[in-house]
Amino acid sequence: MGTPCYVGIASPHQPHLIHARYVHFDGYPSSLLARLRGLWAGMARRDTNALIGAVLAHDCEYLDPEVTATTPCGHGGIPTQWPVAGVGMTLGTGEPGGFEPVTVFPLSLAADLGASWIYVIDPASDTVAVHTGDGEPAAIHPLAPIPIATHPLQPIVRNGFSPTTANTSARRTPTPGQSDARRPRPCRPAAGRCRRTR
């Protein structure tokens, strides 16, 4: 199965009304979200409005940021199918440069479309709202990847030395004004015995 989906935007004046394009293959969130992020970072240059314009231009067999102008067409060699560089492969329902109508539907009737997933891109927050095939909200994902801390964890420093330097010296160097004499340690019973150190 192709895991079909719709990708589009909500109408600014009627948020329940979706303007979207049909995508036939790879509509599962783990795949399509990664592809949308690739399109957004690559072809759209992190401009969400440019991403929306590219996605809404054609119904697609699949979206893929790696598609080039010379990528061969899919199975069967549909004459009206062509690659769109940096976006994906069209479905073959129109002519290059021709007009194809956008699918407009309310989320409450999304089940009638027969798609597995619906993706609604929000240009104001640079996010994608994921809905199940019946229009129910599932999750919201950012287009930008979540940053991971780039600095390494620093070792914990206690009593003037860190675990990375604790084994390099048998004794700690006293700080100015501190005596070098060792203090007796408190008794800690171990297996019923107690031994004091001097």
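Guide: Before we look at this predicted model, one term is needed: a residue is called buried when its relative accessible area is under 20%, exposed when that value is over 50%, and partly exposed in between.

Visitor: With that in hand, why is Leu 33 called buried or exposed, whichever applies?

Guide: The relative accessibility of Leu 33 is 7%, and because buried means under 20%, Leu 33 counts as buried. The residue sits in helix 1, which covers residues 29–41.

Visitor: What does Leu 33 touch, once residues up to four places away in sequence are not counted?

Guide: Leu 33 touches Tyr 119, Val 128, Val 130 and His 141. Tyr 119 is 86 residues away from Leu 33 along the chain, and yet the C-alpha atoms of the two are separated by 8.8 Å.

Visitor: What makes the buried residues of helix 1 a group, and where do they lie around the axis?

Guide: The buried residues in helix 1 are Pro 29, Leu 32, Leu 33, Arg 35, Leu 36, Leu 39 and Trp 40. They cover an arc of only 160 degrees around the axis, and therefore they lie on the same side of helix 1. What covers these buried residues includes strand 1 (5–10), helix 2, strand 3, strand 7 (117–122), strand 8 (127–132) and strand 9 (137–142).

Visitor: How do you know what span to expect of helix 1?

Guide: Helix 1 has 13 residues, and at 1.5 Å a residue the expected span is 18 Å. From its first C-alpha to its last, helix 1 reaches 18 Å, which is close to that expectation.

Visitor: Why is the pair of Asp 59 and Arg 21 called a salt bridge?

Guide: The term asks for a side-chain nitrogen of Lys or Arg within 4 Å of a carboxyl oxygen of Asp or Glu, and the side chains of Asp 59 and Arg 21 meet at 3.5 Å, N to O, so the pair is a salt bridge. Asp 59 lies in the loop between helix 2 (48–55) and strand 3 (60–63), while Arg 21 lies in strand 2 (residues 17–23), so the pair ties together parts that are 38 residues apart in sequence. Both partners count as buried, with a relative accessibility of 14% for Asp 59 and of 2% for Arg 21.

Visitor: How many salt bridges does a search of the whole structure find, and which residues are linked in a network of them?

Guide: The search finds three salt bridges, and the residues linked in a network are Asp 26, Arg 35 and Asp 64. Arg 35 meets Asp 26 at 3.2 Å, N to O, and Arg 35 also meets Asp 64, at 3.7 Å, N to O. Arg 35 lies in helix 1 and Asp 64 in the loop between strand 3 and strand 4 (83–84), so that pair ties together parts that are 29 residues apart in sequence. Asp 26, at 35% relative accessibility, counts as partly exposed, because that class lies between 20% and 50%.

Visitor: How do you know how far Cys 5 and Cys 60 are from forming a bond?

Guide: A disulfide needs two cysteine sulfur atoms within 2.5 Å, whereas the sulfur of Cys 5 is 9.8 Å from the closest cysteine sulfur, in Cys 60, which is too far for a bond. A search of the whole structure finds zero disulfides. Both cysteines are buried, with a relative accessible area of 0% for Cys 5 and of 5% for Cys 60.

Visitor: Why is Thr 103 placed in its accessibility class, and which residues is it in contact with beyond four places in sequence?

Guide: Thr 103 has a relative accessibility of 23%, so it counts as partly exposed. Thr 103 is in strand 6 (residues 103–106), and, leaving aside neighbours within four places, it is in contact with Tyr 6, Ile 18, His 19, Ala 20 and Leu 113. The C-alpha atoms of Thr 103 and Gly 8 are separated by 9.1 Å, although the two residues are 95 apart along the chain.

Visitor: What about Thr 90, buried or exposed?

Guide: Thr 90, which lies in strand 5 (residues 88–90), counts as buried at 1% relative accessibility. A polar atom of the Thr 90 side chain lies 3.0 Å from the backbone nitrogen of Trp 82.

Key: Residues numbered from 1 in each chain as written. Predicted model: local features only at pLDDT ≥ 70, side-chain atom pairs only at ≥ 80, totals over all residues. Heavy atoms only, no water. Helix = DSSP H or I, 4+ residues; strand = E, 2+ residues; numbered from the N terminus. Buried < 20%, exposed > 50% of the residue type's maximum accessible area, 1.4 Å probe, protein only. Contact = heavy atoms within 4.5 Å. Polar contact = N/O pair within 3.5 Å; in protein donor to acceptor, adjacent residues only side chain to side chain. Expected span 1.5 Å × (residues − 1). Arc of directions from axis to C-beta.
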